[in-house]
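These notebook entries record what I looked up in one protein chain.

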Amino acid sequence: STESEIKSLQALAFAGDRSPLTIHRTFLGAHEFPPGYRETPDQREQYVRLLIDEMLPAARDLADSCDVFAEPGVFDRDQARRVMDAAKDLGYRLRMHVDEIEPMAGAELAVELGADSADHLACISLAGQEALASSETTAVLLPGTTFFLGKTAHAPARSLMEKGCAVALATDYNPGSCHTQSMPLIITLACILLKMTPEECIHATTINPAASLGLD
């Protein structure tokens, strides 16, 4: 709901005002269709309209970026594009969750829309890798999520880096699919599961994520 999304962003503002850390706030209302909006195409369309007409304008002064989860069964390509276009028109920076569970050319869409980052990428296509390599969009890999969920497919970190993609690592900390805030653990998983070197992990946890946030 608009009220709950505003409350979450206000909590981040409250924390940021009392912390020496730099807080970058992302509107996540387009992460899932909530109960009452997910059962039929008409209900999903109603929620997309709610995002575009009410939530995004209401949250603009509280969030730096807008994120959408583009994935089969969640926001399809048309819905994701409409939400991102509306956010961009309002002045948000763009971020996207894409190609996590099933390939949907999400990375290509993130590049087309000029998103700062494309997150997850466990099922990214070769075309998606090449699109990221020729763009300014950062590939944000989340090995803790695939580990926590017991997945055997992981983001192709080596292939992405060899093609010239800027790769970042993050925790994706949340209670449902990755319950850790430990970056040392994420770096360990990146070395073991993604076959990244410690030096590559240092770049992926410092300058590359900073660049994706416009903080470099």
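**Entry 1: Asp-172**

I located Asp-172 in the loop between strand 6 and helix 8 (183-193). The model I am reading is predicted. I then looked up the backbone angle and noted that Asp-172 has a positive phi of about 60°, although it is not a glycine. I also found Asp-172 named among the residues that lie nearest the centre of the largest pocket.

**Entry 2: The largest pocket**

I next asked which residues lie nearest the centre of the largest pocket. They are Asp-119, Ala-170, Thr-171, Asp-172 and Tyr-173, out of 41 residues that line the pocket. The elements that give two or more residues to this lining are helix 1 (2-17), strand 1 (26-30), strand 2 (65-70), strand 3 (93-98), strand 4 (117-120), strand 6 (167-169) and helix 10 (207-212). Helix 1 provides the largest share, four residues. I recorded the volume of the largest pocket as about 1,400 Å³. Sorted by class, its lining holds 18 nonpolar, 16 polar and seven charged residues.

**Entry 3: The second largest pocket**

I looked up the volume of the second largest pocket and noted about 150 Å³. Its lining is made of 15 residues, and those nearest the centre are Glu-100, Ala-122, Thr-146, Lys-151 and Ala-153. Which element gives the largest share of this lining? I found that helix 6 (residues 143-148) does, with three residues. By class, I listed nine nonpolar, four polar and two charged residues in the lining of the second largest pocket.

**Entry 4: Ala-105**

I turned to another loop residue. Ala-105 lies between strand 3 and helix 4 (106-113). I noted that Ala-105 has a positive phi of about 55° and is not a glycine.

**Entry 5: His-203**

I found His-203 in helix 9 (residues 198-204). I then looked for its contacts, leaving aside neighbours within four places in sequence, and found Asn-208 and Pro-209. I also checked His-203 against Val-167: the two are 36 residues apart in sequence and 8.1 Å apart in space, C-alpha to C-alpha.

**Entry 6: The chain as a whole**

How many helices and strands does the chain have? I recorded ten helices and six strands. Along its principal axes, the C-alpha trace spans about 45 × 40 × 30 Å. I compared the radius of gyration with the value for a compact globule: for 216 residues that value would be near 17 Å, and the chain has 17 Å, so the two agree. Of the 216 residues, 44% count as buried. I also looked up the contacts in the chain with a separation of 6 or more, and 61% of them are accounted for by residues 24 or more positions apart. Finally, I noted an accessible surface of about 10,500 Å² for the chain, of which 55% belongs to carbon and sulfur atoms.

Key: Residues numbered from 1 in each chain as written. Predicted model: local features only at pLDDT ≥ 70, side-chain atom pairs only at ≥ 80, totals over all residues. Heavy atoms only, no water. 1 Å grid on protein atoms, 1.4 Å probe; cavity = no way out; pocket = protein on both sides within 12 Å on 5 of 7 lines; lining within 4 Å. Points joined across faces, edges and corners; volume = space filled by probe spheres on them. Nonpolar A, V, L, I, M, F, W, Y, C, P; charged D, E, K, R; others polar. Rg over C-alpha atoms; globule rule 2.2 N^0.38 Å. Buried < 20%, exposed > 50% of the residue type's maximum accessible area, 1.4 Å probe, protein only. Contact = heavy atoms within 4.5 Å. Areas by Shrake-Rupley, 256 points an atom, 1.4 Å probe, with all protein chains shown as cover.
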